[in-house]
Amino acid sequence: MNGLNIVFFGAPEFAAASLAALIKSKHKITAVVSQPDRPKGRSGKPVPTPVSVLAENAGIPILRPEKVRDNDFIAELSQIPADIFIVAAYGQFLNRKLLEMARFGAVNVHASLLPKYRGASPVASAIINGEIKTGVSIMQMERGMDTGPVLHSLEIEIDRGDTCGSLTEKLAVLGGTALLDALDLIAAGCAVPVAQNNSEVTYAPLLTKEMGLLDFNKPALAIYNQVRGLDPWPGSHIELDGRMLKVWRADIGSERHTLPPGTVISAASGMISIACGNCETIDLKEVQTPGGKRLTVSEYIKGNPIIAGGTPALPEL
């Protein structure tokens, strides 16, 4: 079975894992399309994307258009041999010209079991919503957002301690495996596109900082999942004793209570125990002040005594 000529579109670490798998495969990557270098950190120095770094180290030509719909870019891309376009977390929509340019069209590496969690935050949303499994779907791209037929998928369990960061790393590796499987099927003419069941569609919205405010009216499990799902970005937070406090690690408490949600029940033994909905408790275990570093609650309490009975600020209804 001959390898395919591939143009790869991607930017972050998640996409780099698929590119790494392709580099080691029998397929030929004729070009990589990534985002332009962007200023990052305090220095403001432009930094290349992980995909650009990997492509440069492998000697693969790199295109960095501001907009993929730009006619000059499309004209340049049309001169590059391509049997198929592979897209993984690229960050821009491909228009009809691009979707139809390659012989086998364009396929996307999506971090969910479609039709669940179409959209921008499939990994975070799966954790926040308490899913026990997720996976990667290799999808034939259409003009709609994640609407195309699925060519191949692989499933993975979500561990109780997984955060969005740790689960994304697992799915990135799984995505590379699923992609190579799908390309073998395509090259052999054996791929069978399966239409998505529209009655099972769910959406994963773009994450915002505002989503991070913990609402202690919710049950403990919902809060626990929110903390995990929003780590590393945007992170969860509360306002305690007049200051914002990021919450990086928490667990479901064993205590039951009859106190108003948001009441600090105790602040000892390495945790801040807070009353939440359904008479349950949530135990905060790792926190961070603005501009500070992550601290265990034991470290934080040493310099910031907390009196039981206080109430963290709750979201406005």
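Predicted model: local features only at pLDDT ≥ 70, side-chain atom pairs only at ≥ 80, totals over all residues.
Local features needed pLDDT of at least 70 and side-chain atom pairs 80 or more, while totals for chains, interfaces and linings use all residues. Residues are numbered from 1 along each chain as its sequence is written, and side-chain values use heavy atoms, leaving out hydrogens and water.

Start with the nonpolar cores: sets of buried (under 20% relative accessible area, 1.4 Å probe, protein chains only) Ala, Val, Leu, Ile, Met, Phe, Trp, Tyr and Cys residues joined through side-chain atoms within 4.5 Å. The largest one has 41 residues, and Phe 8, Ile 86 and Leu 183 make the most contacts inside it. Its top contributor is α6, with 10 residues; helices here are DSSP runs (H or I, at least four residues), numbered from the N terminus. Apart from this core sits another, with 23 residues, including Phe 216 and Leu 245.

What does Phe 8 touch, leaving aside its neighbours within four places in sequence? Counting contact as heavy atoms within 4.5 Å, its partners include Leu 19, Leu 22, Val 51 and Ile 86.

Now for the pockets: on a 1 Å grid over the protein atoms alone, a pocket is an open set of points with protein on both sides within 12 Å along at least five of seven lines, and lining residues have an atom within 4 Å of a point. The largest pocket is lined by 48 residues, with Pro 12, Ala 89, Tyr 90, Gly 91 and Ala 120 nearest its centre. Helix α6 turns up here too, giving the largest share of that lining, five residues.

Notes. 1 Å grid on protein atoms, 1.4 Å probe; cavity = no way out; pocket = protein on both sides within 12 Å on 5 of 7 lines; lining within 4 Å. Helix = DSSP H or I, 4+ residues; strand = E, 2+ residues; numbered from the N terminus. Buried < 20%, exposed > 50% of the residue type's maximum accessible area, 1.4 Å probe, protein only.
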